[in-house]
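Student: I've got a two-chain model open and could use a guided look at it. Can we go through it piece by piece?

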Amino acid sequence: MSAFESLDPMLHSQLRLAVMSLLIGVKEAEFTYIKEKTEATAGNLSVQINKLKEAGYIEVHKSFKDNYPLTTCKITQQGVSAFEQYVNALKTYIDSNPKNA
Amino acid sequence: MEASSSKLTETESWEIIQNMIRQAKNEMRDDGFYYLLWGWLVFVASLSHYVLGYVLHYRHPYAVWLLMLVGIAGTIYQSVRKSKTQRVKTHMEQFIGSFWLGIFIAIVVVLLGAAFKTGYAAAYPALIAIYGIGTFTSGRLFRFTPLVIGGIISWAIALVAFFVSFPVQLLLLALTVLVSYLIPGYILKAGYRHERV
């Protein structure tokens with residue numbers, strides 16, 4: 001069995017991984033910003049953000065800005081640990097299979 | 001971005017991670033606004049103080065330092081405006097904001113000490129050195145060499161300032177903000193415009 005197969009399924013998904021990679025480098029980001037950077041549809045992004053929230057990887061804060069609803073996302077400590085584990089597992093796999101990298 | 005359930009390869013995972021981290025990194029661009037605002041205000045105030053006090057012999061040349069109130073108002077206005085339009089907040093921005101607030105408070109403390117105890121001639125070299133800390137550290141954090149060079153030159157000027165009279169210190173202060181705020185500020189502004197085109 002390769003290390004790749006044991007990767008966290010919550011992160012081993014294109015959009016969820018993109019959201020987490022974006023949030024790992026910032027303090028917090030608005031939904032519209034994440035949507036623009038990931039080029040995802042609002043519906044799909046909402047679903048994936050909700051999954052990450054339920055897993056405890058991100059915090060989602062809903063408020064209002066100039067009378068419009070505002071959703072802000074922030075990575076949690078648990079999310080940071082999971083992301084680090086995912087990156088380490090990926091690195092181990094690539095190191096042991098250099099031709100695939 | 002495609003449906004989330006699509007099977008990822010390890011190379012794709014790496015690409016996603018790198019691409020998104022790069023996107024977030026782009027948020028740390030600086031348009032040089034604060035360097036230019038404070039640079040021009042201090043530059044004009046220190047030269048005006050020199051000309052009014054030591055060329056024209058005006059009685060209250062230090063009144064020009066009231067210009068700093070424009071800097072405070074401009075800084076508050078810009079930071080409120082930015083926080084309203086900004087859709088992402090970075091750790092670096094938060095750190096740099098606290099750092100410059102600390103620099104500002106240190107300057108106020110030194111100025112209070114100068115006003116009530118030591119006199120300004122004893123305080124100006126310290127002020128110039130504090131300016132140097134601000135630009136040097138910001139330059140190192142953002143890997144922006146003109147600010148680092150500006151900071152180092154500020155410290156050299158601060159050292160010289162200990163040995164000269166107050167009128168000359170005013171000219172040295174103007175030189176400090178020219179090399180450590182105005183020149184890097186204009187380079188930042190030019191780079192920011194270029195990136196946005």
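This is a predicted model: local features need pLDDT of at least 70, side-chain atom pairs count only at pLDDT 80 or more; totals for chains, interfaces and linings use all residues.

Student: Which helix gives the largest share of the side of chain A that touches chain B?

Tutor: The contact draws 30 residues from chain A and 24 residues from chain B. On the chain A side, α1, β1, α2, α3 and α4 each bring at least two residues. The largest share is 7 residues, and it comes from α1(A).

Student: What handedness does the crossing of α1(A) and α1(B) have?

Tutor: Start with the geometry: the two axes come within 8 Å and cross at roughly 35 degrees. Residues meeting there include A:Leu17 and A:Leu22 from α1(A), and B:Ile16 and B:Met20 from α1(B). By class, this contact has 8 nonpolar, 4 polar and no charged residues. As for handedness, the crossing is right-handed.

Student: How far apart are the end C-alpha atoms of helix α2 of chain B, and what span should its residues give?

Tutor: This helix runs over residues 33-55, which makes 23 residues. At 1.5 Å a residue they should span 33 Å, so the computed end-to-end distance agrees: 32 Å.

Student: Which residue just after α2(B) takes a positive phi?

Tutor: Within α2(B), the buried residues include B:Trp38, B:Leu41 and B:Val42. Just past the helix, phi is about 55 degrees at B:His57.

Terms used
Residues are numbered from 1 along each chain as its sequence is written. Chains are lettered from A and ligands numbered from 1 in the order in which they are written. Two residues are in contact if their C-beta atoms, placed from the backbone, lie within 7 Å. Helices (H or I, at least four residues) and strands (E, at least two) are DSSP runs, numbered from the N terminus. The expected span of a helix is 1.5 Å times one less than its number of residues. A residue is buried if 20 or more other C-beta atoms lie within 10 Å of its own, exposed if 12 or fewer, and partly exposed in between; C-beta atoms are placed from the backbone. Axes are lines fitted to C-alpha atoms, for helices over the stretch in contact, and angles run from 0 to 180 degrees between N-to-C directions. A crossing is left-handed if the near helix is turned anticlockwise from the far one by less than a right angle, and right-handed if clockwise. Ala, Val, Leu, Ile, Met, Phe, Trp, Tyr, Cys and Pro count as nonpolar, Asp, Glu, Lys and Arg as charged, and the others, Gly among them, as polar.
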